[in-house]
Amino acid sequence: MKPASISFSSKWIHAIAWPLLLGIPGILLWDQQFFGLSVSFYVITTLYHIALFYFNAFYLYPKLLNRKTWWLYVICLFAIVAVSGFAKVFFLQFDPDFRFTPMTQRLVFFPLMPFLFASIIYRLVYDRIRFERMEKEARAQRLDAELKLLRSQVSPHFLFNMLTNMVSMARLKSTLLEPSLIRLSELLRYMLYESNEEKIAITKEIEHIENYVALQQLRFGEDATITLTIQNDYPEGMIEPMLLVPFIENAFKHGIGMVKEPFIQISLTVKAHILDFCVVNNYNPANQSKDRHSGIGLNNVRNRLELLYANNYQLNITNENGLYTVHLNCKLL
C-alpha cells in the first residue's frame, strides 16, 4: 500500500502547531543554557525529532507495521533511538561547555521517545479519520447509484394500469382523458429529467406528488378513499428530489388490495424551513406477502436522509392495529 501523505488543509495545522509547541521555549531560552545544553542544540535536535515524527508516521509505520514485518518495525524503532542517542553524544563532545550529568543524559536520550510515541498516536488517528472518510465516500457512491436507479424506475404495473384506464377513457370519449395524459406526461418528465438535479424546489416535489396521487385516484376511483392535504408556506425551500414519493408509493402498494374500505391519508406542511410529512394507510395484517423488491425504496430513503440531512430530520414509522404510519419532519435547505 502506498504511504499516505498529509492533506493540503492539514498542512496549515502542522505549520502552526509545531512553532507554538516547540518554538516558544527556544525563544524564551535564547542565549541561555538549557540545563547545560545550548539553545542551538535544542533547535537542531527538535528539528531532527520533527523529521523523525513524519518519517515514522508516513513511512515506517504504514510500511512495516503489519503481521509479517512488525518485528522489523520494532527493530527499526530501537535502532533509531540508539543511533540518535549516540549521534547526539558524539556532536556534544565538540562543545567545550558541555558536561555529562544525569539531567543532560535524560535530555539527550529521552525527548525522542515522546516524538515517536506521538507519531504513532497521530498515525492511528489519521488512519481512523481516513478510513471513515473513505467509508463515507463509498457509502455516498453506493447511495448515489441506488438513487439513480430509484429515479430511473417507473413502476411498469402502475403505467400498465394507467394506460389501460386511458384506453377505456378513449373508447368512452371521456373528458378526463386529456388532463390524465397531461398529468402522466408531467409525471414521466419529472422522473426522467428533473429528478436528476441534486436539489429541487419543494413546489416541484409537491406537483409531482399531486400528479401521482391524482393518477392513482383515477386508477382506483371509488374503491379507495384517498385524501391529500398540502400547505406550503415556504415555496423557495429546496429538497432532495423524489424523497417523499417512495412513502406514498409504499402506501398504495400495500394499503390497497384485500383491505376492507381501504384509505390513504397524505398530509404535507411546510412552514419556516420545516417540512412535516405524514402518510397513513390501513392494511390487512393477514396479507403480508411482499415481492422480493419490497422495502428497497424505503431503505433507500432512510439512507438518503441519514446522508443528506444528518441530524436535521426525524423519521418515525409505526405499524400498529392495521395502520401503517410514516411521519417525517426535516429541515429544508
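Trainee: Before we start, what should I know about the model and the numbering?
Mentor: It's predicted, so local features need pLDDT of at least 70 and side-chain atom pairs count only at pLDDT 80 or more, while totals for chains, interfaces and linings use all residues. Residues are numbered from 1 along each chain as its sequence is written, and side-chain values use heavy atoms, with hydrogens and water left out.

Trainee: OK, strand 4. Which side chains are buried there?
Mentor: Ile264, Ile266, Leu268 and Val270 point to one face and are buried. Buried means under 20% relative accessible area, exposed is over 50%, and partly exposed is in between (1.4 Å probe, protein chains only). Strands here are DSSP runs of E, at least two residues, and helices are runs of H or I, at least four, numbered from the N terminus.

Trainee: Which strands does strand 4 pair with, and in what sense?
Mentor: With strand 2 (residues 225-232) the pairing is parallel, over 8 bridges, and threonine 227 sits opposite glutamine 265. With strand 5 (residues 274-282) the pairing is antiparallel, with 8 bridges, and isoleucine 266 stands opposite valine 279. Two strands count as paired if DSSP finds at least two bridges between them.

Trainee: How many residues are between strand 4 and strand 5 in the hairpin?
Mentor: There are 2, and alanine 272 takes a positive phi near 50° in that hairpin.

Trainee: Where else is there a positive phi in a residue that isn't glycine?
Mentor: Methionine 242 has one of about 55°, and asparagine 321 has one near 50°. Most residues other than glycine have a negative phi.

Trainee: Are those two buried or exposed?
Mentor: Methionine 242 is buried because its relative accessible area is 3%; it's in the loop between strand 3 (238-239) and helix 9 (245-255). Asparagine 321 is exposed because its value is 80%, and it lies in the loop between strand 6 (313-320) and strand 7 (323-331).

Trainee: Switching to helix 7. Which residues are buried?
Mentor: Ser180, Leu184, Leu187, Tyr190 and Met191. They're on the same side of helix 7 because they cover an arc of only 130° around the axis, taken from the directions from the helix axis to the C-beta atoms.

Trainee: What does serine 180 touch?
Mentor: Its side chain reaches the backbone oxygen of leucine 176 at 2.6 Å. Leaving aside neighbours within four places in sequence, serine 180 is in contact (heavy atoms within 4.5 Å) with Met166, Met169, Leu215 and Leu218.

Trainee: And the largest nonpolar core? Which residues touch the most other members?
Mentor: Of its 46 residues, those are Ile239, Phe247, Ile248, Leu275 and Phe277. Helix 8 (residues 202-220) gives the largest share, 7 residues. A nonpolar core is a set of buried Ala, Val, Leu, Ile, Met, Phe, Trp, Tyr and Cys residues joined through side-chain atoms within 4.5 Å.

Trainee: What's isoleucine 248 in contact with?
Mentor: Skipping neighbours within four places in sequence, isoleucine 248 contacts Ile209, Tyr212, Val213, Ile266, Phe277 and Val279.

Trainee: What's in the second core?
Mentor: That separate core has 9 residues, including Leu52, Leu60, Leu77 and Leu112.

Notes
A polar contact is a pair of N or O atoms within 3.5 Å; within protein, one must be able to donate a hydrogen and the other to accept it, and residues adjacent in sequence count only if both atoms are side-chain atoms.
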